[in-house]
Amino acid sequence: EAAQGWDVTLGWRSPGRRFEASVTGYHLDVTDQISYVAGHYENIASTSTDGIEADLRADLGAGFSVKAGYAFTDAVDNSTGLRLLRAPVY
């Protein structure tokens, strides 16, 4: 396998650091990806994955905080146009 990709994150923190948020976008291209299918390994010539992740955190006080996250992934076999198996979507 050989991979090339990038990711970019934008973060925000409130004055006093009570609230925080971040959003990350990413892209990954893989050539000769090895995949496990129906009991054996197969080679996939080319795949691409795009995604976004978001996180929120709030300090509730008294030592407590709450955090929420969301992720979306679009992983595709470029030779067939089909989604990759065993790749999380959301």
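**Ground rules.** I am working from a predicted model, where local features need pLDDT of at least 70, side-chain atom pairs count only at pLDDT 80 or more, and totals for chains, interfaces and linings use all residues. Residues are numbered from 1 along each chain as its sequence is written, and side-chain values use heavy atoms, with hydrogens and water left out.

**Salt bridges.** I looked for a side-chain nitrogen of Lys or Arg within 4 Å of a carboxyl oxygen of Asp or Glu. That rule gave me three salt bridges.

I began with R13, which pairs with E20 at 3.4 Å between the closest N and O atoms. Next I found R57 meeting E20 as well, at 3.2 Å from N to O. This second pair ties together distant parts of the chain, with R57 in strand β3 and E20 in strand β2, 37 residues apart.

R13 is partly exposed because its relative accessible area is 43%. E20 at 26% is partly exposed, and so is R57 at 23%.

R83 comes out as partly exposed at 46%, and D74 as partly exposed at 25%. Through shared partners, R13, E20 and R57 form one network of salt bridges.

**The largest pocket.** Which residues lie nearest the centre of the largest pocket? I noted S35, I44, R83, L84 and L85, out of 14 lining residues. The elements that give two or more residues to the lining are β2 (19–37), β3 and β4 (64–77). β2 gives the most, with three residues.

A pocket here is an open set of points on a 1 Å grid over the protein atoms alone, where a 1.4 Å probe fits, with protein on both sides within 12 Å along at least five of seven lines; lining residues have an atom within 4 Å of a point. I put the volume of the largest pocket at about 200 Å³, meaning the space filled by probe spheres set on the points, which are joined across faces, edges and corners. The lining divides into seven nonpolar, three polar and four charged residues.

**A nonpolar patch.** I found V23, I52 and Y70 making a nonpolar surface patch of about 270 Å². Patch residues have over 30% relative accessible area and no salt bridge, and nonpolar side chains (Val, Leu, Ile, Met, Phe, Trp, Tyr) are joined within 5 Å. I52 sits in strand β3, residues 40–61, and is partly exposed at 39%.

**Single residues.** E53 belongs to strand β3 and is partly exposed at 36%.

Where did I meet positive phi values in a residue other than glycine? D32 has phi near 55°, and A62 has phi near 55°. D32 lies in strand β2 and is partly exposed at 42%. A62 is in the loop between β3 and β4, and counts as exposed because its relative accessible area is 79%.

Technical notes:
Patch = residues over 30% accessible without salt bridge, like charges linked within 9 Å, V, L, I, M, F, W, Y side chains within 5 Å. Areas by Shrake-Rupley, 256 points an atom, 1.4 Å probe, with all protein chains shown as cover. Helix = DSSP H or I, 4+ residues; strand = E, 2+ residues; numbered from the N terminus. Buried < 20%, exposed > 50% of the residue type's maximum accessible area, 1.4 Å probe, protein only. Nonpolar A, V, L, I, M, F, W, Y, C, P; charged D, E, K, R; others polar.
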